Every structure is written in C-alpha cells, then in structure tokens.
Amino acid sequence: MSAPVPGSPPLLGKVAIIGLGLIGSSFARALREKSLAQVISGSARSAATCALARELGVVDVADVDPAVAVRDADLVLLAMPVAATEAVLRAIRPALKSGVILTDGGSTKGNVVAAARAVFGTLPAGFVPGHPIAGSEQSGVLAGKADLFARHKVILTPLPESDPAAVNIVRQVWQSMGAEVLEMPVDRHDEVLAKTSHLPHLLAFSLVDTLARESENLDIFRYAAGGFRDFTRIAASDPLMWHDIFLGNREAVLKALGHFTEGVSELRAAIEQGDSETLLGIFTRAKVARDHFTHMLAGTAYAKTMKPKNIEFAVQPGGRLAGTFRVPGDKSISHRSIMLGSLAEGVTEVSGFLEGEDALATIQAFRDMGVVIEGPHQGEVRVHGVGLNGLRAAPGAIYCGNSGTSMRLLSGILAAQPFDTVMSGDPSLSKRPMERIAKPLRQMGADIQTTGERGTPPVTVKGGRALKGFHYAMPVASAQVKSGVLLAGLWADGETVVTEPAPTRDHTERMLRGFGYDVQVNGPTVTLRGGGKLRAMKIDVPADISSAAFFMVAASIAEGSDITLEHVGINPTRIGVINILRAMGGDLTVLNEREVGGEPVADIRIRSARLHGINIPEDQVPLAIDEFPALFIAAACAEGRTVLTGAEELRVKESDRIQVMADGLTTLGIRCEVTPDGIIIDGGQLGSGRVVSHGDHRIAMSFSIAALRASGPIEIEDCANVATSFPDFTGLARRAGLNIAVIERV
Ligand code: NAP
C-alpha cells in the first residue's frame with residue numbers, strides 16, 4: 001500500500017506511542033511523513049526525552065505518564081523494552097478507549113502476550129502483537145528516522161482473539177511506511193528470532209566481553225581486522241533491551257544456544273584432532289548456505305548464472321572460423337562425477353565440470369547427505385568420497401531443481417540407503433514421470449513412492465531395505481532408468497542385469513569402470529554385482545559433443561574455416577553428428593584419441609567443405625538426437641535435399657524442435673517440409689530475419705551459426721537459456737570468428 005492520496009483524511013485519528021527511542025520515534029516520524037495520523041502523542045520514562053521529542057516535532061504532545069498519553073487514542077504502539085510491558089499495560093488499561101487497537105514492536109512475543117494476559121485476563125480484540133525486523137545498534141529519540149521500516153519486514157503474530165479488522169489496520173499502517181508485512185504464530189516467531197537475531201547478538205556480546213577482559217586487550221582491539229569489526233558490530237546494541245530479550249525469550253534462546261554449542265564442540269574436536277575433512281565440510285556447507293541466503297534475500301536464482309529474462313542475439317552475416325577451443329564440459333558426465341566421487345573411497349578431483357544449474361543440484365544433494373565437496377571453482381571440484389556406506393540422511397527434502405538426471409539416478413542410490421529421503425523438484429520437474437524408475441527399483445525390493453496418478457515428484461524413498469539383484473529387460477530405452485537400476489545394483493545382493501531395447505548413453509557404465517568397479521557389457525546387456533568398492537580418481541570431464549556440434553557445423557559451412565576443438569567426448573553413443581557431417585561431405589579429422597575416466601575423448605579438426613544433402617541413416621538418429629538443430633543448418637547450406645526420418649522424439653524436447661526449426665528456416669528463405677517423424681530440407685541461400693527460439697538453447701545457438709552463410713543479419717529471440725548448457729557461448733563464438741552481439745531487453 002502507498003501513502004494516502006494528498007488531501008484525503010489520515011487513516012488514524014490519534015496515535016499514542018509509549019517509548020520514544022529508536023523504534024517509537026521512527027514510527028512517529030513515519031506516521032508524520034506519510035500523513036497517517038491526525039495527532040501523535042508520546043510517552044517516555046524521562047521528562048527530558050518527552051521534551052526533546054516535542055521539540056524535534058516527532059510528537060505533538062508527550063507525557064511521562066503513559067495513561068495520559070493514550071487517552072482517546074485509536075491506536076497505541078508499545079515501543080519500550082519488553083520487560084516493561086506488564087507495568088505499562090497496567091498503567092494505561094483504565095485510560096484506554098473502547099475498541100482501541102493495541103500493538104507493539106517488541107523483539108520477543110511470547111512474554112509480551114503473557115504480560116497482556118496477566119493484565120487483561122481475556123485479551124482485548126484490538127490486541128495485535130508485532131515486531132519490525134528493522135533497527136540498529138543505536139538507540140534513543142535522536143537515532144530514529146522516518147524510513148527505518150521501508151523495505152524491511154514486519155512480523156505480526158495475531159492471536160485467536162485478535163479482530164481481523166484490527167489486524168488489517170496494523171498491517172496497513174506498516175505497509176504505508178514501506179514495510180513488507182508477514183504473519184506467523186507467536187511461538188514460531190520466538191524460535192526463528194532466537195536463531196537469527198538473539199543468538200548472534202549473544203555471541204557478539206560474549207566475544208567482545210571475553211576479549212576485552214584479556215590483559216592485552218588494547219592490542220587486540222587496535223589490530224582488529226575487518227572480520228572482528230563486522231562480527232561484533234551488534235555488541236554495541238543497547239544492554240537493557242537485550243537483557244530483556246534474553247530473559248523474555250529464555251526457552252528458545254537456550255535451545256538455539258544448545259545447538260550452537262554442539263557445533264562449536266565439533267569444530268573444536270576437529271581442530272584438536274587435525275581433522276581437515278570435518279573442517280572443510282563445515283566451512284564449505286556454511287559457505288554454500290550463506291551464498292544461497294544471499295541469493296534468496298536478493299530474490300535471485302540459486303545458481304550463479306543469473307539469467308535476465310529477455311536476452312536476444314543479433315548476428316551479422318559472414319565470417320570464417322579459426323583457432324583452437326575447448327567447449328564446456330559434458331553435463332551427463334558432470335553429474336556422474338559427483339555421484340560416483342561421493343560414493344568412492346578417497347578424494348576425486350574433477351576438472352572441466354559444467355557449472356550449470358542441473359549439475360549444481362546434484363552437488364547440493366550430496367552435500368545435504370554429508371559429503372564434503374569443494375568448489376566448483378572454474379570447473380574444478382574436489383569430492384571427498386564417503387564410500388558406499390557413508391552417506392547420511394539429509395536434514396530435509398533433497399531439492400533437485402529442474403534436473404531429471406539427478407532425481408532418477410539418485411532414486412537408485414537412495415533406494416539402498418539405511419535412511420528415508422524425500423526428493424522434490426521445481427514446477428517443471430514436478431510434472432515429469434518417475435514411475436519408470438520406481439517400478440524396476442521396487443522389483444529389487446525398494447520401498448519408493450511417487451505422487452499422484454501420473455507418478456510424479458515428490459518421490460519418497462524409505463530406507464533400510466535389502467535390495468536383490470535381478471534381470472531387467474527395459475521396455476523403453478532410457479539411459480537414466482538404466483543408470484538408476486545399475487546404481488542400486490551396487491548395494492544389491494547378487495547380480496543386477498539390465499538389457500536395453502536400443503542403445504542409450506553408457507556414461508554410467510564407463511565411469512563405474514573408471515572408478516575400478518567391475519561392469520560387464522555384452523551387446524545390449526550390462527551386468528554388475530553388488531558389494532564392490534569405488535576408488536577415487538581424477539576426471540577431466542570431456543567437452544560436450546552437443547556443444548561442440550555448433551562449432552563443427554559452423555566451421556563446415558563458413559568458407560575458409562579451420563578450427564580444432566579440444567578434448568571432445570566421442571562416446572560411441574554420441575558421435576552421430578560426426579558421422580552425419582562426414583556423410584554430407586564434411587572435413588572432420590579425429591586426432592589424439594585417448595580415454596579419460598572410461599570415456600573416449602579426442603581433439604577434432606574441422607575445415608570448411610562443400611556439403612551435400614543426404615538421407616540421414618535412421619541408425620544415426622539416436623546418436624545425434626540433440627544435434628539435429630545444428631545439423632538442419634548444415635542441411636540448409638548443403639547442395640540438394642536432406643531427409644530426416646525416424647526422429648519423432650525431436651518433437652518432445654525443450655521445444656518441438658522440428659516445427660520450431662522449420663519455422664525459423666522458412667523465415668530465412670529455406671524451403672523445408674515437416675513430416676510426421678522428421679523433415680525435408682532443400683539447401684539454398686539463407687536470407688536475413690528475426691527468428692524465435694522458444695526458449696530452446698539449441699535452437700538459439702543453431703540460428704546464431706546460420707548467420708555465417710546468411711545474406712543479412714539474423715536476430716534471435718528468447719536466448720536466456722543458452723547459459724544453462726553453454727555458459728559462455730557468445731564469448732567463445734566471438735573468439736572463433738562469429739560477429740554476434742547480446743541484447744538485453746527490459
Ligand atoms: P530505545 O531506543 O532504547 O528506546 C526505548 C524507549 O523506551 C526510550 O524512549 C525510553 O525512555 C522508553 N522507556 C524505557 N522504559 C520505559 C518504561 N518503563 N515506560 C515507558 N517508556 C520507557 O529502544 P528501541 O531500540 O527503540 O527499542 C524499543 C522496543 O523495540 C524494544 O521492545 C525492542 O525490543 C524493540 N525493537 C528494537 C529494535 C532495535 O534494533 N533497536 C528492533 C526491533 C524491535 P527514555 O528515553 O526516557 O529512557
């Protein structure tokens with residue numbers, strides 16, 4: 001709510017404020033500034049404060065007797081130390097007008113309500129306790145300011161006896177002062193504030209007092225660094241006020257102090273024993289939590305890549321590509337490096353980790369289960385493995401964000417743990433089917449429940465089940481389901497065998513082997529036996545071939561190009577893009593082939609070539625499923641016709657990739673025809689125009705490279721999601737030779 005319209009009568013007639021210090025005088029100043037009251041009356045303990053408040057114009061009238069101050073008031077605010085509440089209420093009770101709204105700003109609520117009950121017996125309907133979460137370590141009438149509550153929270157703790165109309169008026173007053181008003185029960189308020197405000201003040205008082213009593217205290221304070229100053233600023237707060245708060249909120253403060261003492265003892269023991277793992281664990285968890293709160297409080301996204309809503313790319317025509325580059329790490333492998341690293345014995349060092357939101361959700365899940373994970377810092381992560389039996393119950397539900405990979409693979413791991421877990425996700429993940437992984441896990445003996453008729457998240461996994469290996473003939477090819485079952489098999493009694501109807505990505509099998517686990521692969525069948533061990537390793541995550549694909553196509557179509565992409569993952573289940581481009585006449589050379597953590601990688605040199613249209617072999621479709629948007633651009637630049645069939649799945653990706661690509665190509669003057677399971681594209685001259693990516697990162701990147709062969713500029717709408725899979729796409733594209741600009745629209 002904003003301030004009343006000038007000229008309209010104030011919301012309130014007379015307002016009385018008992019206590020004219022920081023809070024009371026700020027309230028009075030804000031009432032005045034926002035024209036919320038006709039008359040402001042005040043009361044303080046000393047005549048001097050009353051006189052000063054009048055002189056400063058903070059109040060119209062003031063009296064040391066609070067009963068005089070409240071006479072005829074429509075609203076009374078108690079703003080003195082909370083321990084005085086009972087005495088003040090007794091004093092003003094006979095003078096209160098009937099129907100008065102009685103509220104307060106005290107930092108504790110349970111004892112204020114108890115004081116009111118002691119005085120009134122039955123609480124008046126106009127009684128609405130409150131607490132502004134605003135203030136400072138200064139006190140007194142001179143410290144007050146009119147905007148103290150603006151952009152701060154005020155917690156109201158209405159009681160069953162409180163009249164909703166009275167609650168509403170108190171809410172309106174605070175909102176008019178620019179505050180955000182929340183409601184919560186009295187007990188909850190005291191518990192939350194004990195932890196977030198009272199405990200930190202206690203620690204600050206204690207630290208300063210302890211150090212000040214030491215003999216060399218002068219030196220200590222002289223050399224005090226910024227950390228000491230920041231941490232102890234609040235020790236300058238008003239002693240009487242805090243004395244009242246700690247005694248007033250005794251139970252909740254003692255509970256919070258008990259928890260804190262346990263935490264300090266754990267740190268002390270770790271330092272005594274030189275237990276660096278525990279220390280790193282506590283510090284990394286604390287750092288992540290603090291960063292998370294900072295984002296939360298700033299209202300920004302969890303991950304560091306903050307995506308402004310409306311990003312467009314504008315690409316100038318022409319250019320040629322040159323140089324040697326490494327594109328970001330593979331997402332599937334990034335996820336698995338954290339999972340297997342956590343379950344391994346020893347420290348797994350990961351480099352080239354893709355710091356996208358999905359893989360960050362996996363890191364958080366394992367941190368929640370007690371694994372110490374350092375980083376990620378510029379793609380480097382150190383995972384302190386806890387072994388197959390070292391995970392601990394997470395303190396709450398595990399939040400998987402938008403990551404289906406995290407949730408499905410974790411299902412397999414959690415099914416075998418001794419503790420219960422709930423996994424939840426964002427609104428989009430909450431719609432995705434989870435029964436496809438829950439069903440086979442149940443056959444192994446897991447107790448796992450999905451939600452609703454469609455079997456969606458949240459997923460509840462009960463712990464303490466003994467799993468048995470079995471042979472699972474998968475009805476639908478899915479790398480995530482296969483991986484979930486195989487991971488559960490690590491703890492199962494006997495052999496777990498999975499047979500897939502069509503080849504899917506085999507990153508889990510490969511990485512398990514890399515971690516020293518015996519995994520047998522026989523055609524479409526994978527077998528492993530429970531009860532082994534994983535040994536920590538170094539993983540240099542291969543560059544994602546799906547990200548490399550844009551540059552493979554770009555260098556192929558832009559005349560005079562010659563680039564080398566380093567350390568690209570060339571897992572045989574993913575190399576369709578290389579095979580298809582070569583079949584179209586592309587000039588791609590695979591160099592320096594090697595194996596990293598069980599995964600084949602290579603450097604790939606691409607030189608421009610005259611491409612020609614082909615009928616894409618259907619057996620290549622699953623091997624290039626994510627790369628088709630880029631391949632369609634290659635087809636548009638090729639001589640003749642390219643025909644894709646057997647690719648229905650493309651219609652249910654992040655967008656209907658066939659239709660969206662066809663729309664964009666048509667806009668750019670390329671003839672194409674959408675078929676039920678694919679597309680027919682006739683190569684030609686790309687024109688200029690504005691295309692829509694529908695928030696699909698791969699569509700946005702594909703049309704960016706199309707500009708290399710376009711006759712005019714190409715503008716692409718809705719490109720913010722590019723950051724999720726390819727954090728610095730535009731930077732790398734520019735270094736490679738593309739003339740691409742990013743436009744942020746508001
Ligand atoms: P303050 O600046 O120290 O002012 C306290 C005021 O109360 C002074 O005007 C004082 O009068 C008066 N007072 C003291 N005892 C009284 C009594 N028995 N009867 C009548 N008036 C009395 O304190 P504050 O920071 O404004 O805090 C006021 C209340 O707000 C407290 O309940 C506190 O818990 C709460 N609160 C404080 C903060 C904060 O950061 N400071 C934040 C949120 C809530 P004299 O000037 O004559 O001594």
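**Ground rules.** I number residues from 1 along each chain as its sequence is written, and because the model is predicted I ask for pLDDT of at least 70 for local features and 80 or more for side-chain atom pairs, while totals for chains, interfaces and linings use all residues. My side-chain values use heavy atoms, with hydrogens and water left out.

**Entry 1, domains.** I looked up the domain assignment of the protein chain, whose bounds come from an automatic or database assignment, and found domain 1 (12-184), domain 2 (192-270 + 279-296), domain 3 (314-325 + 543-745) and domain 4 (331-540). I then took domain 1 and domain 2 as a pair, and their centres, taken over C-alpha atoms, are 30 Å apart. Their contact (heavy atoms within 4.5 Å) takes 12 residues from domain 1 and 12 residues from domain 2.

**Entry 2, the interface of domains 1 and 2.** For buried area I use the accessible area (1.4 Å probe) that two parts lose on being put together, summed over both; between domain 1 and domain 2 this is about 950 Å², of which carbon and sulfur atoms give 67%. On the domain 1 side, Ser107, Thr108 and Glu137 lose the most area to domain 2, together 47% of what that side buries. The residues of domain 1 that touch domain 2 divide into five nonpolar, five polar and two charged, where Ala, Val, Leu, Ile, Met, Phe, Trp, Tyr, Cys and Pro count as nonpolar, Asp, Glu, Lys and Arg as charged, and the others, Gly among them, as polar.

I take strands (E, at least two residues) and helices (H or I, at least four) as DSSP runs numbered from the N terminus, and I call two strands paired if DSSP finds at least two bridges between them. Strand S7 (residues 130-133) runs antiparallel to strand S8 (residues 153-156), joined by four bridges, and Pro132 has Val154 of S8 as its bridge partner. S8 also pairs with strand S9 (residues 180-183), in the parallel sense and over four bridges, with Ile155 opposite Leu182.

Elsewhere I found an open sheet of four strands in the order S15-S16-S18-S17, with mixed pairing. Strand S15 (398-399) and strand S17 (447-451) stand at its edges with a single partner strand each, so one side of each is left without a neighbour in the sheet. Strands S16 (residues 421-424) and S18 (residues 456-462) are antiparallel and share three bridges, and Thr421 stands opposite Val461.

**Entry 4, salt bridges overall.** By the same rule the count comes to 38 salt bridges. Arg90 and Glu86 form a salt bridge, the closest N and O atoms being 2.8 Å apart; both lie in helix H4 (residues 85-92), four residues apart, about one turn of the helix.

The bond from Gly375 to Pro376 is cis, with omega near 5°, and Pro376 is placed in strand S13 (residues 372-377). The bond from Pro457 to Pro458 is also cis, with omega near -5°, and Pro458 is found in S18. Ser35, although not a glycine, has a positive phi of about 50°, and it lies in the loop between helix H1 (22-33) and strand S2 (37-43).

Note on methods: Salt bridge = Lys/Arg side-chain N within 4 Å of Asp/Glu carboxyl O.
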